[in-house]
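Could you walk me through this structure, one selection at a time? I have it open in a viewer and would like to know what to click on next.

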Amino acid sequence: MNDPSVPRLLEAAADRLPDGVRVAVVVARWNDSVTRQMLAGATWQLAEAGLPAEAVEVAWVPGAFELPLAADRLAATGSFAAVICLGAVIRGETRHDQYIAQAVASGIEQTARQRGLPVLFGVLTCESLAQAIARAGGSAADGFAGNKGAEAAAAAIEMIGLLAAIEGRSGGSARA
Ligand code: DLZ
């Protein structure tokens with residue numbers, strides 16, 4: 001264990017959340033047949049990690065473009081260990097989707113760094129509704145390519161644990 005050739009490993013419990021943690025989920029209403037399924041995936045994943053329903057706050061915004069501002073305000077409250085952003089940007093006839101997707105990605109990344117907490121990019125950027133449905137829990141017609149809402153929640157759980165381990169505040173610890 002103390003072999004100097006083995007790097008120290010900051011280990012966090014990747015599947016359980018520390019007690020008292022609260023998580024916010026911001027969901028875009030645009031393409032809500034998709035985003036509702038992503039929200040269901042995210043809340044299921046958070047419950048699996050031991051988070052009670054009352055520790056999860058859900059905020060709806062009109063579309064993905066509005067996710068970063070809402071996420072930023074939620075992060076600024078200091079009440080949440082992570083903010084999970086969920087949206088579905090689907091290609092249309094114009095390049096509108098590209099502008100939205102780029103703004104959302106960079107807005108979320110900026111909020112995470114400026115506020116110093118995990119802000120998760122659970123935003124689909126798809127060619128078609130069928131592609132989005134497949135990534136939001138799937139259907140018989142569209143196939144199954146996971147649930148990106150659940151995956152964003154899993155990433156939030158891991159990052160909360162890792163940051164707590166780095167700060168030395170949780171069950172996670174630096175292993176020598
Ligand atoms: C306007 C628009 C378009 C064309 N497409 C999407 C989309 O695929 N996914 C999404 O979440 N939102 C879309 N929106 C709405 C914008 O995100 C935003 O809500 C409006 O432009 C108002 O700012």
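Here is a tour that starts with the whole chain and then moves from one selection to the next.

**Stop 1: the whole protein**

Keep in mind that you're looking at a predicted model. Follow the chain along its sequence and the elements come in the pattern β-β-α-β-α-β-α-β-α-α-β. Of the 176 residues in the protein, 43% are buried. Now think about contacts between residues at least 6 apart in sequence: 76% of them join residues at least 24 apart.

**Stop 2**

Together they form an open sheet with the order 3-2-4-5, and the pairing is parallel. Which strands stand at the edges? They are strand 3 (56-61) and strand 5 (119-126); each has a single partner strand, so one side of each is left without a neighbour in the sheet. On average, neighbouring strands here are turned by 15 degrees against each other, ignoring direction.

**Stop 3: strand 2 and its partner**

Zoom in on residues 23-28, which make up strand 2. This strand runs parallel to strand 3, and six bridges join the two. Click on V23 and look across to strand 3: V56 stands opposite. Then try V27, whose bridge partner in strand 3 is W60.

Is strand 2 enclosed or open to the outside? Six of its six residues are buried, so strand 2 is largely enclosed by the rest of the structure. Show the side chains here. In a regular strand, side chains alternate between the two faces of the sheet. In strand 2, V23, V25 and V27 are on one side, with A24, V26 and A28 on the other, and all of these are buried.

**Stop 4: across to strands 4 and 5**

Slide over to strand 4 (82-90). Eight bridges join strand 4 to strand 5, and the two run parallel. For a pair to click on, take I90, which stands opposite C126 in strand 5. Strand 5 itself is mostly covered, with seven of its eight residues buried.

**Stop 5: a loop residue worth a click**

Select N31, in the loop between strand 2 and helix 1. Most residues other than glycine have a negative phi. The phi of N31, though, is near 60 degrees, which is a positive value in a residue other than glycine. Is N31 buried or exposed? N31 has 21 C-beta neighbours inside 10 Å, so N31 counts as buried.

**Stop 6: two helices side by side**

Now bring up helix 1 (residues 32-48) together with helix 5. Two packed helices are described by the angle between their axes and the distance between the axes. For helix 1 and helix 5, the angle is about 35 degrees and the axes are 6 Å apart. The crossing of helix 1 past helix 5 is right-handed. To see who makes the contact, highlight M38, L39, G41, A42, W44, Q45 and L46 in helix 1, plus K148, G149, A150, A152, A153 and A154 in helix 5. By type, the residues of this contact divide into nine nonpolar, three polar and one charged.

While you're on helix 1, click on A40, which lies in this helix.

**Stop 7: the ligand**

Last, select the ligand and the residues around it. How many residues surround the ligand? There are 16, and the closest are A28, W30, G63, A64 and F65. Strand 4 and helix 3 are the elements that give two or more residues to this shell. The largest share, four residues, comes from strand 4. Colour the shell by residue type and you'll get nine nonpolar, five polar and two charged residues.

Notes: Residues are numbered from 1 along each chain as its sequence is written. This is a predicted model: local features need pLDDT of at least 70, side-chain atom pairs count only at pLDDT 80 or more; totals for chains, interfaces and linings use all residues. Two strands pair if DSSP finds at least two bridges between them. Axes are lines fitted to C-alpha atoms, for helices over the stretch in contact, and angles run from 0 to 180 degrees between N-to-C directions. Two residues are in contact if their C-beta atoms, placed from the backbone, lie within 7 Å. A residue is near a molecule or strand if its C-beta atom, placed from the backbone, lies within 6 Å of it. Ala, Val, Leu, Ile, Met, Phe, Trp, Tyr, Cys and Pro count as nonpolar, Asp, Glu, Lys and Arg as charged, and the others, Gly among them, as polar. A crossing is left-handed if the near helix is turned anticlockwise from the far one by less than a right angle, and right-handed if clockwise. A residue is buried if 20 or more other C-beta atoms lie within 10 Å of its own, exposed if 12 or fewer, and partly exposed in between; C-beta atoms are placed from the backbone.
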